[in-house]
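Opening the notebook on a new model today. I want to look up a few spots and write down what turns up.

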Amino acid sequence: MTPEFADRFAFSAAWVLAWAGASLVYRALKGKPIFYRRPPRVRFREWNATGNSHRNWFTRIAGANGCLVVQVTDDALDIHPFVPFNWLFLPEILGIEHRVPLSGVASARPVAADRAFPHTIFRKFVKRRGVEVELVSGEGAREKVSLWLKEPEGFLAALGVFPA
């Protein structure tokens, strides 16, 4: 190992650790969990879901692929990436962390696979089906989120939405 490589490796490792540390401090200051606990009274729960926000052009093309936990309890919808994907400011950048009361779910509807994955030749092989959810925050701001789930019917039933 050359000294230049060792120096670059040490700098890169220090950079990633500093970025992770800053993210963890930010989450702690904002009251966001670093490690999630399973909430009581879960009606629906799916690990390894895929999703993205419609907040802007970047969040539409980026997103979380197979690292989201989507759960519906008796009183809330919770969407978040699992550890360690909730670190490094990823949920804040990509808009993929939401906890809203069920009254804050303005709409939820199934999406055809061709519409969910329009730019991929692999859409025929995708084993998940899409759901678009429109959320309303406590301040009244609306945000649309696309989720690709293995069991979208169970998700919609847990929300109290029954597709035709």
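This is a predicted model: local features need pLDDT of at least 70, side-chain atom pairs count only at pLDDT 80 or more; totals for chains, interfaces and linings use all residues.

Next I went back into helix 5 itself, residues 152-159. Which of its residues are buried? I got Pro152, Phe155, Leu156, Ala158 and Leu159. They sit on the same side of helix 5, because the arc they cover around the axis is only 160°. Then I checked what covers these buried residues: the list includes strand 1, strand 2 (64-73), strand 3 (76-81), strand 5 (105-111), strand 6 (129-136) and strand 7 (142-149).

Looked up the largest nonpolar core, which has 26 residues. Val70, Leu77, Val133, Leu147 and Phe155 have the most contacts inside it. Strands 1, 2, 3, 5, 6 and 7 and helix 5 each give two or more residues to this core. Strand 2 supplies the largest share, six residues.

Setting aside residues up to four places away in sequence, Val133 touches Leu77, Val105, Ser107, Ala108, Glu143, Lys144, Val145, Leu147 and Phe155.

**Thr50**

Moved on to Thr50, which I found in strand 1 (residues 42-53). Is Thr50 buried or exposed? Its relative accessible area is 10%, so I filed Thr50 as buried, the cut-off being under 20%. What does its side chain pair with? I have a polar contact with the side chain of Asn65, at 3.2 Å. Leaving out neighbours within four places in sequence, Thr50 is in contact with Ala64, Asn65, Gly66, Leu68, Arg128, Ser146, Leu147 and Trp148.

Key:
Residues are numbered from 1 along each chain as its sequence is written. Side-chain values use heavy atoms; hydrogens and water are left out. Helices (H or I, at least four residues) and strands (E, at least two) are DSSP runs, numbered from the N terminus. Buried means under 20% relative accessible area, exposed over 50%, partly exposed in between (1.4 Å probe, protein chains only). A polar contact is a pair of N or O atoms within 3.5 Å; within protein, one must be able to donate a hydrogen and the other to accept it, and residues adjacent in sequence count only if both atoms are side-chain atoms. Contact means heavy atoms within 4.5 Å. The arc is that of the directions from the helix axis to the C-beta atoms. A nonpolar core is a set of buried Ala, Val, Leu, Ile, Met, Phe, Trp, Tyr and Cys residues joined through side-chain atoms within 4.5 Å.
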